[in-house]
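Please look through the model below with these numbered notes beside it. They go element by element and then turn to charged pairs.

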Amino acid sequence: MLQARPVLLETFSVGPLGCNCSILVDPVSKGAVVIDPGGDFDEIRARVEQAGAKVAAIVHTHTHIDHVGATAPLQRWSGAAARIHEADRFLYDMLPVQAAMLGIALPERCEVDGDLNDGAVVKAGGLDLHVLHTPGHTPGSVSFLVLAETGAVAFTGDTLFRRSIGRTDLWGGDSRAIVSSIRGKLLTLDPSTRVVTGHGPSTTIGEERDRNPFLRS
């Protein structure tokens, strides 16, 4: 049986497109995991330092440019490995194309490990992140489930939003796959699970199961 653990969680908007970056901290070891460092490295570093934490891992729900903007300087500062799903590596290689299309600055590249496989558990800094492969927004989109003492939290990136779902008209997007991912991997979670989305406000699995217009039969 999976055991809930104490976790300190902070989520805040970063970068020109308002990506939600999350910092999880184990209050005992002070190990931290940063999810989707989409920009504003100085802000991310300041919040990690304020928590008295050390970054043990950097993980991404997907590799659109607005979710990886501060990955390189964060990795250089912390020495932590940066991880993506292998199916999204082509998008990381396409960062110059993404930057040109969106008209935003091209971020510095760094080494990324493509080992966020479905069912894996990222163990870093005393924290456990359960990986759910949820393709559709991108082929390598993943969600992370964390079992905290205050309740389960799912980090869904741009797969599931409050009353909406991720767009599928970009590279590798698949409208059928994203709905299948949400119904098969996310809506099966406990209804009380808090959902931290890639942009905008948080929600719960129960709310989206009942009220999300994109998920009605």
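1. The buried residues of helix α2 pack against β3 (31-35), α1, β4 (54-59) and β5 (81-83). Contact here means heavy atoms within 4.5 Å. Helices (H or I, at least four residues) and strands (E, at least two) are DSSP runs, numbered from the N terminus. Buried means under 20% relative accessible area, exposed means over 50%, and partly exposed lies in between (1.4 Å probe, protein chains only).

2. A word on the basis of these notes. This is a predicted model, in which local features need pLDDT of at least 70 and side-chain atom pairs count only at pLDDT 80 or more, while totals for chains, interfaces and linings use all residues. Residues are numbered from 1 along each chain as its sequence is written, and side-chain values use heavy atoms, with hydrogens and water left out.

3. Which residues of α2 are buried? They are Thr71, Ala72, Pro73, Leu74, Gln75 and Ser78. That makes six of the eight residues of this helix (residues 71-78), so α2 is largely enclosed by the rest of the structure. Gly79 follows α2 and has a positive phi, near 75°.

4. Strand β3 is also largely enclosed by the rest of the structure, because five of its five residues are buried. In a regular strand the side chains alternate between the two faces of the sheet. In β3, Gly31, Val33 and Ile35 lie on one side and Ala32 and Val34 on the other, and both faces are covered.

5. What are the partners of β3? Strand β2 (residues 19-25) pairs with β3 in the antiparallel sense over four bridges; two strands pair if DSSP finds at least two bridges between them. Leu24 stands opposite Val33 in this pairing. β2 and β3 form a hairpin with five residues between them, and Lys30 in the turn has a positive phi of about 65°.

6. β3 also runs parallel to β4, and five bridges join the two strands. Here Val33 stands opposite Ala57 in β4. Together, β3, α1 and β4 make a right-handed β-α-β unit. A crossover is right-handed if, with the strands pointing away from the viewer, the path from the first strand over the helix to the second runs clockwise.

7. Another part of the model holds an open sheet of six strands, in the order β6-β7-β8-β9-β12-β13, with mixed pairing. β6 and β13 (203-204) stand at the edges with a single partner strand each, so one side of each is left without a neighbour in the sheet. Within this sheet, β9 (residues 151-157) and β12 (residues 194-197) run parallel and are joined by four bridges. Gly157 has Thr197 in β12 as its bridge partner.

8. How many salt bridges are there? The count comes to eleven, where a salt bridge is a side-chain nitrogen of Lys or Arg within 4 Å of a carboxyl oxygen of Asp or Glu. One of them joins Arg47 and Glu10, with the closest N and O atoms 2.3 Å apart. Arg47 lies in helix α1 (residues 41-50) and Glu10 in strand β1 (residues 8-14), so the pair ties together parts that are 37 residues apart in sequence. Arg47 is partly exposed at 22% relative accessibility, and Glu10 is partly exposed at 29%.

9. Lys185 forms a salt bridge with Asp118, the closest N and O atoms being 3.2 Å apart. Lys185 belongs to helix α5 (residues 175-186) and Asp118 to the loop between α4 (95-102) and β6 (121-124), so this pair ties together parts 67 residues apart in sequence. Lys185 is partly exposed at 27%, and Asp118 is partly exposed at 43%.

10. Glu207 forms a salt bridge with Arg163, with closest N and O atoms 3.0 Å apart. The pair links distant parts of the chain, 44 residues apart: Glu207 is in helix α6 (residues 205-211) and Arg163 in the loop between β10 (160-161) and β11 (164-165). Glu207 is partly exposed at 24%, whereas Arg163 is buried at 18%. Salt bridges that share partners also join Glu10, Glu43 and Arg47 into one network.

11. Last, the record. An unreviewed UniProt entry places the feature "domain: Metallo-beta-lactamase" at residues 18-199. UniProt positions are given in the numbering used here, feature names are shortened, and annotations may be inferred rather than shown by experiment. Over residues 18-199 the chain is 24% helix and 30% strand, and the end C-alpha atoms are 6 Å apart.
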